Amino acid sequence: MRGKDLLKRILQIIIVLIGISFLTFLLTYLSPGDPVTAMYSASGTTPSAELLEQTREALGLNKPFLVQYWDWLTGCLQGDFGSSYAFHKPVVSLLLSRLWPTLKLALCSLALMLVVSIPLGVLSATHKGGIADYIVRFFTFLGASLPNFWVGLLLMYVFAVQLGWLPVVSTGQGFTKLILPSITLAFAMMGKYTRQVRTAFLEELNQDYVVGARCRGIKESVILWKHVLPNSVLPLVTMLGLSMGSLLGGTAVVEVIFSYPGLGNLAVTAISSMDYPLIQGYVLWIAIIYMVINLLVDISYGFLDPRTKEAGKR
């Protein structure tokens with residue numbers, strides 16, 4: 001990616017982030033209910049009308065919408081996302097404390113998915129129309145059809161409740177407590193990635209260089225694993241970037257089911273308690289992470305496939 005294109009992408013990211021921040025702030029502003037009342041109700045106190053008004057004034061909630069948004073946006077630019085109403089802590093410290101558990105869960109899920117999907121995709125492609133192909137395609141269809149929450153509850157019932165092999169509640173500490181949440185998240189992705197590997201592998205098997213390699217007497221295993229596989233896996237880089245971003249922001253259901261202390265669980269708590277600063281900070285953080293990952297994926301393409309770099313220079 002050229003320097004001019006990189007600056008253009010960074011400018012686009014900044015514009016999109018401003019738009020996301022405005023929409024997020026607007027939706028929380030227009031949402032029904034009073035966060036101050038919810039904050040006192042959560043603590044078990046019944047505040048007077050005067051105390052409610054004083055709290056709103058202290059938090060700046062009685063100011064006009066645009067003034068509130070500008071104050072929050074300027075604070076974000078200085079690294080201050082405000083303080084959580086529910087936890088009474090800075091939003092940044094809360095997000096940082098939950099980022100590593102979610103990142104660890106996402107990486108484990110992606111690693112597990114790749115370990116299973118790539119061999120299954122290759123097996124399905126090399127046995128096209130055979131029994132192995134039909135079995136793999138059946139399980140990929142099953143994985144893409146079942147919702148995460150159902151898979152998580154099923155795994156919990158079998159391996160935690162009935163067999164007692166794994167813990168029901170995942171505190172994020174220890175490898176065994178990552179197994180069930182990781183399998184749950186990886187299960188749906190396995191179907192999509194296995195089909196992608198199969199399709200890419202079949203396309204590469206029809207290329208001229210494969211026919212030429214076979215005519216020269218090169219072993220089939222060498223052709224498959226040394227030449228076809230690297231070219232087939234390259235398109236997965238973009239998908240991996242998108243999946244990493246979606247995992248960091250879309251693990252809420254799984255984290256709640258297993259009581260996993262990650263960003264998704266924190267976001268659900270923030271929504272239920274009407275913790276507006278935490279909701280706004282969470283959405284903005286996830287948007288930044290998602291777009292930065294996509295940018296890094298685009299940059300990496302030039303190193304993984306030099307043809308894309310040459311095409312950009314034309």
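**Close-up 1. Helices lining the largest pocket of the predicted model.** Helix 1 (3-30), helix 3 (49-59), helix 4 (65-77) and helix 14 (276-304) each give at least two residues to this lining. Helix 4 supplies the largest share, four residues. The pocket holds about 540 Å³ of space. Its lining counts 23 residues, and Phe25, Leu59, Leu61, Gln68 and Tyr85 are the closest to its centre. By class, the lining has 10 nonpolar, eight polar and five charged residues. Helices (H or I, at least four residues) are DSSP runs, numbered from the N terminus. A pocket is an open set of points on a 1 Å grid over the protein atoms alone, where a 1.4 Å probe fits, with protein on both sides within 12 Å along at least five of seven lines; lining residues have an atom within 4 Å of a point. Volume is the space filled by probe spheres set on the points, which are joined across faces, edges and corners. Ala, Val, Leu, Ile, Met, Phe, Trp, Tyr, Cys and Pro count as nonpolar, Asp, Glu, Lys and Arg as charged, and the others, Gly among them, as polar.

**Close-up 2. The second largest pocket.** About 200 Å³ of space lies here. The lining consists of Ile14, Leu17, Ile18, Ser21, Trp70, Leu73, Cys76, Leu77, Phe81, Leu284 and Ile288. Helix 1, helix 4 and helix 14 each give two or more of these residues.

**Close-up 3. Packing of helix 5 against helix 13.** Helix 5 (residues 91-126) and helix 13 (residues 263-272) pack at about 135°, their axes 8 Å apart. Axes are lines fitted to C-alpha atoms over the stretch in contact, and angles run from 0 to 180 degrees between N-to-C directions. From helix 5, Leu94, Leu95, Arg98, Leu99 and Thr102 meet Leu263, Gly264, Asn265 and Leu266 of helix 13 (contact: heavy atoms within 4.5 Å). These contact residues divide into five nonpolar, three polar and one charged.

**Close-up 4. An aromatic pair, Phe22 with Phe65.** The whole structure contains 10 aromatic pairs (Phe, Tyr or six-membered Trp rings with centres within 6.5 Å; planes under 30 degrees apart are stacked, over 60 edge-to-face, the rest tilted). The ring centres of Phe22 and Phe65 lie 5.7 Å apart with planes at 75°, so this pair is edge-to-face. Phe22 sits in helix 1 and Phe65 in helix 4, 43 residues apart, so the pair links distant parts of the chain.**Notes to all views.** Residues are numbered from 1 along each chain as its sequence is written. In this predicted model, local features need pLDDT of at least 70, side-chain atom pairs count only at pLDDT 80 or more, and totals for chains, interfaces and linings use all residues, while side-chain values use heavy atoms, without hydrogens and water.
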